[in-house]
Amino acid sequence: MGVDVNRSGIRVSSAVVAVIAAALALSGCTSGGASPTASPTSSVSHSVSPSPSPTPTASAAVALPTDCTDLATPATWQAAVGDMTLQSNGEGFVRPAPEGATLVLGCDWIVGDATGMLLLISTAATEAVTAAVAALPTQGYTCQVSDDFGADFCVLPGEGADTEEMIVARDGVWIYLSTVNRNVREFLSEIVATIFA
């Protein structure tokens, strides 16, 4: 008999506990606060539609230059460009570029008859930039990932040590720089560092 009473008591206690737990759960759902699906965070994340991505696509972290005279430190700019004259904004030049690229800044400098530099900075969809880089080796470029730039860096040598075409591509940005009789590696390095700071 003692065992039966004890078991019966346990059953009653379990039932009471279950009823109390259910009552507490129900009171928690209706007491003063909104349900989890109606919380401010949830409603914002479901009701706000994403804004359209800009085209062409470039990373929000980039800072694209807008002036041919403000591309590097004054000393580096002077060494690379200081004695040259800006001839054009770079439009009309046919150079390797991603499909759908938009020219952001073009600078065409010349001095004398055999020294010059052409800088073309463009933006394009990231996948177009990736595809364009992949096609460069078929045009004679040597490409690798640059530790200095954290980007694809491609070079097409010219006839002399200071005659070459260089392309830096990263985050939807395409930087083309060709030079004749002028070493501009430091100039390019500072431009890239400024864009992807």
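How many aromatic pairs does the count come to by the ring-centre rule? The count comes to 1 aromatic pair, where rings of Phe, Tyr and Trp (its six-membered ring) pair if their centres lie within 6.5 Å, with planes under 30 degrees apart counted as stacked, over 60 as edge-to-face and the rest as tilted.

Before selecting anything, some conventions. This is a predicted model, in which local features need pLDDT of at least 70 and side-chain atom pairs count only at pLDDT 80 or more, while totals for chains, interfaces and linings use all residues. Residues are numbered from 1 along each chain as its sequence is written, and side-chain values use heavy atoms, with hydrogens and water left out.

**The whole chain**

Start with the cartoon view: the protein has 5 helices and 7 strands, taken as DSSP runs (helices H or I of at least four residues, strands E of at least two) and numbered from the N terminus. From the N terminus on, the elements run α-α-α-β-β-β-α-β-β-β-β-α. Of the 197 residues in the protein, 32% are buried, where buried means under 20% relative accessible area, exposed over 50% and partly exposed in between, with a 1.4 Å probe and protein chains only. Among the contacts with a separation of 6 or more, 54% are between residues 24 or more positions apart, a contact being heavy atoms within 4.5 Å.

**The aromatic pair**

Select Trp 109 and Phe 187, which form an edge-to-face pair at 6.1 Å centre to centre, with 70 degrees between the planes. This pair links distant parts of the chain, with Trp 109 in strand 2 and Phe 187 in helix 5, 78 residues apart. Both Trp 109 and Phe 187 are buried.

Now centre on Leu 71: leaving aside its neighbours within four places in sequence, its contacts include Trp 77, Trp 109, Leu 119, Phe 187 and Ile 191. Asp 70 is exposed, with a relative accessible area of 56%, and although Asp 70 and Ile 191 are 121 residues apart in sequence, their C-alpha atoms are 9.4 Å apart in space.

**Helix 3 against helix 5**

Select both helices, whose axes are 9 Å apart and which pack at an angle of about 135 degrees; the axes are lines fitted to C-alpha atoms over the stretch in contact, and angles run from 0 to 180 degrees between N-to-C directions. At the meeting of the two, Thr 76, Trp 77, Ala 80 and Val 81 in helix 3 touch Glu 186, Phe 187 and Glu 190 in helix 5. Colour the buried residues of helix 5, which are Phe 187, Leu 188, Glu 190, Ile 191, Val 192 and Ile 195. What covers these buried residues includes helix 3, strand 2, strand 3, strand 5, strand 6 and strand 7.

Move to Ser 178, found in strand 7 and buried, with a relative accessible area of 12%. Not counting residues up to four places away in sequence, Ser 178 touches Gly 116, Met 117, Leu 118, Glu 164 and Glu 165. Then go to Val 104 in strand 2, which counts as partly exposed at 33% relative accessibility. With residues up to four places away in sequence again left out, Val 104 touches Leu 64, Pro 65, Ile 121, Ser 122 and Thr 123.

**Two loop residues with positive phi**

Most residues other than glycine have a negative phi. Finish at Asp 171, whose phi is positive, near 50 degrees, and which is found in the loop between strand 6 and strand 7. Asn 181 has a positive phi of about 60 degrees and lies in the loop between strand 7 and helix 5, where Asn 181 is partly exposed at a relative accessible area of 42%.
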